[in-house]
Amino acid sequence: MANLFESRKDSSGDDLRQACSAENKIEAQTSNQDSSRRRFLQLAATGTAAGLAAVAGMEFTPATALAQSNLSPDAALQQLLDGNRRFTADRPTSFEQDLAILKQNTMEKQEPFAAVLSCADSRVPVELVFDQSIGHIFVNRLAGNVATSEIIASLEYGAIVLGTKVIVVMGHGNCGAIKATIQAKEVPGQISALYPHIQPAVDQAGSDPEAATKANAKIQAGLLRKSSTVIAGLIKESKLKVVAAYYDVASGGVTLLE
Ligand SMILES: [Zn+2]
């Protein structure tokens, strides 16, 4: 069996291909807690010191420090929404988790339970918004939270290899990318390359920024569901859910749009 811990030491093309192998897919989708002892024994057989140390550490890790589990897509979404409730109530708990342990446990392997596609806007700090820490969310950010083919590729990797259970496409209040598309202003450089991705939402919702932002999140979520055979397949098997959401920069609250 290929050594999972050695195969993910860097992000080279070879490494990605290895990580995408069917064998690792099965490994990535296996419950952390259930498989840690089995992996320990496998690694013991292959005698990899670093791997042994990493898995040995996991044996003593509280469940809360392990991101992925057998969560259903609905439960994964609920975990995010619960985190957002703690964030808006100013009672976050993620800071209580030991970052040294989290770093140690995720050094060789990540198993985020959720993916988020959000805008690059500095007022949308995704981990803070959902009160999560290292190794928990596979965050993809691009101005306007648009599902370009590169973003789809990234989210497919998160879902099929890392085993994310839910993808949240999150627009936000006061989004500059949405406003710029509505205004269709001349802009320097390649900024206007974002416009065609957002224009369908403006066509649909009109010139109200909030309405266009919400329409855009729903359109991008729909694109993910339809244009990716990987994501569509996982949804069909009830292993993944894609939802659109809106982040209110004033209240810090996240609202599901569908
Ligand atoms: Zn934005």
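**Exercise 1. How are α10 and α12 oriented to each other: roughly parallel or roughly perpendicular?**

Solution. Keep in mind that we're working with a predicted model.
- Start with the geometry: helix α10 (residues 176–183) packs on α12 at an angle of about 110 degrees, and the axes are 10 Å apart.
- Angles of 65 to 115 degrees count as roughly perpendicular, so that is the label for α10 and α12.
- Now look at who touches whom. From α10 come Ile 178, Lys 179 and Ile 182, and they meet Pro 209, Ala 212, Thr 213 and Asn 216 in α12.
- Sorted by class, this contact has four nonpolar, two polar and one charged residues.

**Exercise 2. Work out how α10 sits against α11, and what kind of residues make the contact.**

Solution. 
- The angle here is about 75 degrees, with the axes of α10 and α11 9 Å apart.
- That makes α10 and α11 roughly perpendicular to each other as well.
- On the α10 side we find Ala 177, Ile 178, Thr 181 and Ile 182; facing them in α11 are Tyr 195, Ile 198, Gln 199 and Val 202.
- The class count for α10 with α11 is six nonpolar, two polar and no charged residues.

**Exercise 3. Complete the trio: describe the packing of α11 on α12.**

Solution. 
- Helix α11 covers residues 195–205 and helix α12 covers 209–227; they pack at about 125 degrees, with axes 8 Å apart.
- As for handedness, the crossing of α11 and α12 is right-handed.
- α11 brings Ile 198, Pro 200, Ala 201, Val 202, Gln 204 and Ala 205, which meet Ala 211, Ala 212, Ala 215, Asn 216 and Ile 219 of α12.
- Split by class, the α11 and α12 contact gives nine nonpolar, two polar and no charged residues.

**Exercise 4. Which strands stand at the edges of the sheet?**

Solution. 
- Write down the order: β2-β1-β3-β4-β5, an open sheet of five strands with mixed pairing.
- Read off the ends. β2 (137–141) and β5 (254–256) each have a single partner strand, so one side of each lacks a neighbour in the sheet.
- Zoom in on one pair: β1 (residues 114–118) and β2 run parallel and are joined by five bridges. One of the bridge pairs is Leu 117 with Asn 140 in β2.

**Exercise 5. Decide how far to trust the coordinates.**

Solution. 
- Check the overall score: the chain averages a pLDDT of 81, and 73% of the residues score at least 70.
- Coordinates with low pLDDT should not be read in detail.

Key. Residues numbered from 1 in each chain as written. Predicted model: local features only at pLDDT ≥ 70, side-chain atom pairs only at ≥ 80, totals over all residues. pLDDT = per-residue confidence, 0-100. Axes fitted to C-alpha atoms, helices over the stretch in contact; angles between N-to-C directions. Helix = DSSP H or I, 4+ residues; strand = E, 2+ residues; numbered from the N terminus. Left-handed = near helix turned anticlockwise from the far one by under 90°. Contact = placed C-beta atoms within 7 Å. Nonpolar A, V, L, I, M, F, W, Y, C, P; charged D, E, K, R; others polar. Pairing = 2+ DSSP bridges. Parallel < 35°, antiparallel > 145°, perpendicular 65-115°, else oblique.
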